[in-house]
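Take a look at the structure below.

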There are 2 protein chains.
Amino acid sequence: MRDARGSIAVRFEPIGRHAHFSQPLTVLDAAREAGVGLLSLCGGLGSCGRCRVRLQSGDPSALSETEAKVLSAHEIAAGYRLACRCVLHSNATVYIPSTSRPQEQRLQLAGEEQPLALAPPVVKLYLELPPATLQDTRSNWTRLQDALGAQHGRRLDSPDPAVLRELGPALVSGRWRITLALRGAELVHVEPGDTTARQFGLAVDLGSTKIAVYLVDLLTGQTVEARGAPNPQVAYGEDIISRINYTTLQTDGTQVLQTCVAQAINETVAALCSAHGLQPIELLELTLVGNTAMHHLFLGLPTKQLALAPYVANVVEPMHVKARQVGLTAAPGAYVYLPPAVAGFVGSDHVSMLLASWIEQEGTYLRVDIGTNTEMSLSSAGKISAVSCASGPAFEGAAIECGMKAAPGAVERVWIDPATQQVRLITIDDAPPVGLCGSGILDCVAGMYGAGMLNQRGAIQAGSKGVRVGQSGLQELVLARGGNCRELTVTQRDVERIQLAKGAIRSGIEVLLDASHITFDQVDRVILAGAFGTYIDPLSALQIGMFPHIMPDRIVQVGNAAGVGAKQMLLSIAQREAGERLARRMEYIELTVYPHYPRFFAHALRF
Amino acid sequence: MRDARGSIAVRFEPIGRHAHFSQPLTVLDAAREAGVGLLSLCGGLGSCGRCRVRLQSGDPSALSETEAKVLSAHEIAAGYRLACRCVLHSNATVYIPSTSRPQEQRLQLAGEEQPLALAPPVVKLYLELPPATLQDTRSNWTRLQDALGAQHGRRLDSPDPAVLRELGPALVSGRWRITLALRGAELVHVEPGDTTARQFGLAVDLGSTKIAVYLVDLLTGQTVEARGAPNPQVAYGEDIISRINYTTLQTDGTQVLQTCVAQAINETVAALCSAHGLQPIELLELTLVGNTAMHHLFLGLPTKQLALAPYVANVVEPMHVKARQVGLTAAPGAYVYLPPAVAGFVGSDHVSMLLASWIEQEGTYLRVDIGTNTEMSLSSAGKISAVSCASGPAFEGAAIECGMKAAPGAVERVWIDPATQQVRLITIDDAPPVGLCGSGILDCVAGMYGAGMLNQRGAIQAGSKGVRVGQSGLQELVLARGGNCRELTVTQRDVERIQLAKGAIRSGIEVLLDASHITFDQVDRVILAGAFGTYIDPLSALQIGMFPHIMPDRIVQVGNAAGVGAKQMLLSIAQREAGERLARRMEYIELTVYPHYPRFFAHALRF
């Protein structure tokens, strides 16, 4: 069937776009013409399998031989097709799973910031006071309390001297008209005149390599602007363990790491505020999330015990700390709220991510935040259990022969033709390749396995295209060769690193499933969060067995969900309470003492 | 009647000392032989009147002619005698009023530190925790809360990061045995092992020229040691107004004054602690009292409005401030408690003094704390009213031609023989006289008036002994002449300064009485506190009419009652509540708007 005009009407879900075509064409061509993002690594040869789509309605061409080879029986039964092979002759509705969408669209659609009832912990109130006279010499504070009681029926706690300092001058310059910023019964800021139209806050996702800072309008809930800054603690140790070592070796090490991170946040805040005509003193409330080590260093807490078994945190409970106590510039009485963590290695960032992606009465969800340390939680039937596994820095491009960070020139996508073992590279900014970032090395190992260049134990197969014996005497694959760029190789050791990492993650998942008596089939959704989880190609992760096999559209990449959760907890007390409830419900499973964990791990190492 | 041995038994009250004499003798001689302190300025000539005593029992010699002249009819009727003229022939009980006792004994007896039920705001608890294992990875804080709940049925508020920093290391070095210092539900300090036997606190009386610091044992209530230190703010302004001016002229002036006073307290604390084998970190709680300007500068609050009509304080309510926020060294989470003030010029030091000298169901009491600013309160029939008057710096030896502070060589006592106009000087440490301190100038003016050298309006009478025309063309009295010491004079302007000061105080008293519809006869007790109130000769104050005439034994000099009150509020929450209740009951009367105040003042200027 065609539409009224005799053309073919195609609807693309979940973005909901319509397009009309006069001639039959493949889904891939239709998407391209309609400007709908759809991945294709092999350029429409039918071999990469990245352009999987699901036909929701319509009457397409019959399943091709290529598709029958690339797609699983389950996928075929569920209506999956390859967009480059599936031809539309009549009206159709095509669902593009997130795994087949390019990066930005994947996040845009998956971000799913839920509409939020605003109930920020700090609110502003405008107040007019009767002037002081010789007949009425009440103190400024008494006068304020009396007026607040009469005009708003409220009474404040004993004042913070840092805020009280503002009151007298504000009364003078505002001619007895002032605006109060109240956090419950506590005064956190006073301004002359009526400034109730300006109410701002800050959400911070403090990562070990990157700090994401969100300037938020508390009245609208909108992000005024978000900015990222490198975490300057990197100068004292690339990974967390080195930083912890630094604090134990240097007498004031904790203080140094605390101060530099506060300063980095302050500088970002200053730039953000200046760009939007604000003063940092207008920030009425802050929320900060991070892994437990980042959380501890931010509060200047000792971290030594985090690095020694049994890896005990100082505190996992939610904290309310004066911004000035941790060296942050904000309103004089402003607080930083730090949501709860779960254990030494499952931090408030995971709780925040959980909150941001939480759906009441959800089914069985697996949430994964991949990093040097990978935190995962499984929620099912009201129970949430969490594990943390040492996946190592390979996914961040570290400890890999030609590894690098995700920067221009980094190979971020690799596709190896299963038939010809031909390698295709995509670099960031299309710059000449200088190294492999995490998603690139993952693609590469997945591609090598898919093309038969690795066996199940991970050994590089001699004689494969581009494989040679390296200087170490072991096999290696040459990805790019000399010329005006560096020679890029993937060595046997690189493959082993990825194998260890994926083994750690896979075995963690197996423990979560085992402890909850759930099979992977029962998992409704796998939610990938964080920088790496956002940039990887989920099909590559599936291919090397990082996760058990699952329908691609059950995988959701949610980007920086920890940051989204931090914003939610900045904007709503109810969200803070929800986060705290989630954290209390989470049960931490220590992998190293889980029965038969070594067996799970050994099994998970295989491709 | 004599005693069993045939000797004369004399009992001296209120110190309760007994002595026996074989021969009849004067009360003055009896006191000297018995080692009981009794003033005598004229050396037993019967002319200075300082040796007034009251015969409570016994049958002394008849009233002499001298006594009939020096004592008032009221005093004679009440049994008063001059000790140098009253001869004892048989057993007697002699009451020595505080006005006739030398300095130290006056204070010793009047100090009357009431026994206190100890209930300090911070208490220590010893706790044993189960060690962390891989099977029990609860955070340190969760572990602590769980044990505290199980062992003591208590639950703490969210921890202060500064205190939490101590917990991990204390658990390690104390091998899971720790001592907590708790302030209600807040943890203020953690120490390894059992340190419950050591609990210390600090009380501070922050005067504008002197800081009194009391190191107190919270378990016994005893003062370990008290030390004084000069207030370093003097370098930025001798008097309060100059300091306030400094803060308004210098951008960081308030900060400078805040920091220097905190530093002075810290240095005194360091010395005190070191002398008694303590660390400043062992100070679990602090209490600080002072006038409103000192209170504001200590908290870094703006003081400009205190110097401008209508002289409004920022806050008069009680404050609980972290010691570290105001730069004091103490336990990481320790608080400074600042009791309430009443108004811009009636500070927490007056409230503290009121508390220290408070007697439930007391009669009508007038409390006076003389300084550059004199605070006074009248309590009667459950009502307390307070005034503050600008008595100027004359009583502190400032703004007086030959004035100086109470230091060695300062004339502290002057007696002028009413009959011969002969001057007698007593200096501090018996050093050669170099100037007049407050009590000396007061004595001098009182003596001049008593010897007819001043008329009622305060004019120095030409032709009096030692009086000459000075360089200014006005009369002056030469107290001491050249030689190896400076020439000391009291000028007509000096007399006027004292007149203004006493007029301010007297008119304040008159307003207090007028507002409460009370006559001075109904005042049961006049309580003099503070440095100057402690050192003056109350009879001199009576002589110049600073107070209306009153029986000398109704005058009590209580020394640093503000410091005593501060200690009480350090040792007991109930005392804090009592002080807060007293402050709420106090009604401040602004003198400048009191009806007919100028008339009161004009009248009070006369001798």
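Which strands does helix H1 of chain B lie across? Helix H1 (residues 27-34) of chain B lies across strands S1 (8-13), S2, S4 and S7 of chain B. The helix runs at about 110° to S2(B).

## Ground rules

This is a predicted model, where local features need pLDDT of at least 70, side-chain atom pairs count only at pLDDT 80 or more, and totals for chains, interfaces and linings use all residues. Residues are numbered from 1 along each chain as its sequence is written, chains are lettered from A and ligands numbered from 1 in the order in which they are written, and side-chain values use heavy atoms, leaving out hydrogens and water.

Helices (H or I, at least four residues) and strands (E, at least two) are DSSP runs, numbered from the N terminus. Two strands pair if DSSP finds at least two bridges between them. Axes are lines fitted to C-alpha atoms, for helices over the stretch in contact (heavy atoms within 4.5 Å). Angles run from 0 to 180 degrees between N-to-C directions.

## The sheet in chain B

In chain B, 5 strands form an open sheet with mixed pairing. Their order is S2-S1-S7-S4-S5. Strands S2 (17-21) and S5 (80-82) of chain B are the edges, each pairing on one side only. Neighbouring strands are turned by 35° against each other on average, direction ignored.

Look inside this sheet. Strands S4 (residues 52-57) and S7 (residues 92-95) of chain B run antiparallel, joined by 3 bridges. Here B:Ser57 stands opposite B:Thr93. The charged end of B:Arg54 sits over the ring of B:Tyr95, 5.1 Å from its centre. The cut-offs for such a contact are NZ of Lys or CZ of Arg within 6 Å of the ring centre and within 35 degrees of the ring normal.

## Aromatic pairs

How many aromatic pairs does the structure hold over all chains? There are 12. Rings of Phe, Tyr and Trp (its six-membered ring) pair if their centres lie within 6.5 Å; planes under 30 degrees apart count as stacked, over 60 as edge-to-face and the rest as tilted.

A:Tyr236 and A:Tyr246 have ring centres 4.9 Å apart and planes at 50°, so this pair is tilted. A:Tyr236 lies in the loop between strand S13 (223-230) and helix H7 (240-249) of chain A, and A:Tyr246 in helix H7 of chain A, so the pair ties together parts 10 residues apart in sequence.
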